[in-house]
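Please read it alongside the sequence and the structure.

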Amino acid sequence: MQDDPRGAHGPDGAEAAAHGNQLQRGFGEGSSSGVDHHVSVVGEAKYLSDGGPETIRFIDQNGFRIRNEVNLPYDPWVDVLTEQDGRDLYRDMALIRRFDAEGTALQRQGELGLWPSLLGQEAAQVGIGRAMKPQDYAFPSYREHGVAYCRDVDPLHIYGMFRGVDNGAWDPKERNFHLYTIVIGNQALQAVGYAMGVQRDGDYGTGDPSRDTAVVTFFGDGATSQGDINESFVFAAVNQCPIVFFCQNNQWAISERNERQTQIPLYQRARGFGFPGVRVDGNDVLAVYAVAQHALEWARSGQGPFLIEAYTYRMAPHTTSDDPSKYRDSAEVDLWRDRDPLLRLKSFLLSLHETEESFFTGVDAEADELAARLRAGVQAMTDPPPSSMFDHVYVEPHPGLEAEKAAFLAYHASFTDSAGDTAADVASGSGAQA
Ligand SMILES: Cc1ncc(C[n+]2csc(CCOP(=O)(O)OP(=O)(O)O)c2C)c(N)n1
Ligand SMILES: [Mg+2]
């Protein structure tokens, strides 16, 4: 799915459709021409509830492909996709949805400390996750479980972090997927720094598809009000960095509505910094995939930064610590439930390809198996020794850190348990409970 449609595997690749293999049938068929844009009123506020006419959208509510002028530059990326690609995207979204639901369940059962759900944002994350090449590098926020999955990060490593048994156990360099960042917007500065490194290594604009690299950083609508995001826009623009800024506008920053962050559509901010910005329907995986491919190629080929605003909705609470019934209307959630990204792709696959129902039930069964395996994995996790918090803080040990670690361990060892044993007794097996 990563081949450039303008190259040897371009739109002509869809000619495989002519050879009668149903799974190879191209996506360039079964079109509709437009979409109704919804304006809704919540409380006193009147706002476009689907992103408006400037939004790039490929599948309408009935599952038909949209053909219009704004989509033209992105069409080739989707025209080459086959039904098999569509099934793969559906499967990705269904598996991460199940992974996410299991995260919430595990938190409710006391197995995880916290869980930030991505429910509703599966298409946004899979769309760009599947457009990225192995050499591209992602700097996520804390909700990018779907991107992590696309980068082959072990899902148990994500759970482990929210269980508190480690601080992120995957190797960022191996997966080209940085550690999660909780400090809002901070990852964008790190991403721009990395992109400046890519420039100094000469790994962009060479024309070599296995070398040219794009950096992607993920953040929310609320993060756009942070200095870090705006500073990274400035640095990226003046240095013409190979970076894609991927904003998931899920309408809420905890309890603050999107309208509290901006007076103009967020994608339009890019223009003031000097690079392109595009708003895409974040619940339409084909649209996100196409726009992401375009933006990534833009960055890799040396044309500078690109902002994608994926217009979506946070269906779940901000995290398991939040209760959105205190600040938002359930009618709004119901409106977005109808725009479910999985249902949208499913109706497209059914309308264009008559994908058999057994495919969808098979994916559900696979998701159940994944959840059971992950649950067992979480329940088998052991607590790390307290001293492990000092590991991996610095590349090399240094005397100050060693002294701090020794003092902490001595302090920790001074506590006694209910049987009167110190932690040291327990560790050595010499206490009353031994
Ligand atoms: C610098 C900083 N300020 C405040 C917070 C507290 N905080 C955590 S999440 C959040 C809202 C972020 O909203 P948004 O950027 O829209 O991302 P979303 O959670 O919707 O994905 C805030 C204010 C923080 N983590 N870091
Ligand atoms: Mg948000």
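## Helix packing and ligand surroundings

Helices H7 and H8 are roughly parallel to each other, because their axes cross at roughly 15 degrees and angles under 35 degrees count as roughly parallel. The structure is a predicted model, and in this model the axes of H7, residues 186-201, and H8, residues 227-239, come within 7 Å. The crossing of these two helices is left-handed. On the H7 side, the residues that meet H8 are Asn 186, Ala 188, Leu 189, Ala 191, Val 192, Ala 195 and Met 196, while H8 contributes Asp 228, Ile 229, Glu 231, Ser 232, Phe 235, Ala 236 and Asn 239. Sorted by class, this contact holds nine nonpolar, three polar and two charged residues.

A second pair is formed by helix H3, residues 122-129, and helix H10, residues 285-300, which pack at an angle of about 35 degrees with their axes 8 Å apart. Here H3 passes H10 in a right-handed crossing. Ala 123, Ala 124, Val 126, Gly 127 and Ile 128 of H3 meet Val 285, Val 288, Tyr 289 and Ala 292 of H10, and by class the contact has eight nonpolar residues, one polar residue and no charged residues.

The class make-up of both contacts and of the ligand shell is set out here.

| H7 with H8 | nine residues | three residues | two residues |

Ligand 1 is surrounded by 15 residues, and the closest of them are Ile 184, Gly 220, Gly 222, Ala 223 and Ala 253. Two elements give two or more residues to this shell, namely strand E6 (215-220) and strand E8 (252-253).

Helix H5, which spans residues 155-163, has Pro 155, Ile 158, Tyr 159, Gly 160, Met 161 and Phe 162 as buried residues. The cover over the buried residues of H5 includes helix H2 (83-108), helix H4 (145-150) and helix H13 (357-379). After H5 comes Gly 164, which has a positive phi near 90 degrees.

Across the protein as a whole, there are 15 helices and 11 strands, and buried residues make up 40% of the 434 residues. Of the contacts with a separation of 6 or more, 74% are between residues 24 or more positions apart.

Definitions and conventions: Residues numbered from 1 in each chain as written. Chains lettered and ligands numbered in written order. Predicted model: local features only at pLDDT ≥ 70, side-chain atom pairs only at ≥ 80, totals over all residues. Near = placed C-beta within 6 Å. Helix = DSSP H or I, 4+ residues; strand = E, 2+ residues; numbered from the N terminus. Axes fitted to C-alpha atoms, helices over the stretch in contact; angles between N-to-C directions. Parallel < 35°, antiparallel > 145°, perpendicular 65-115°, else oblique. Left-handed = near helix turned anticlockwise from the far one by under 90°. Contact = placed C-beta atoms within 7 Å. Nonpolar A, V, L, I, M, F, W, Y, C, P; charged D, E, K, R; others polar. Buried ≥ 20, exposed ≤ 12 C-beta atoms within 10 Å, placed from the backbone.
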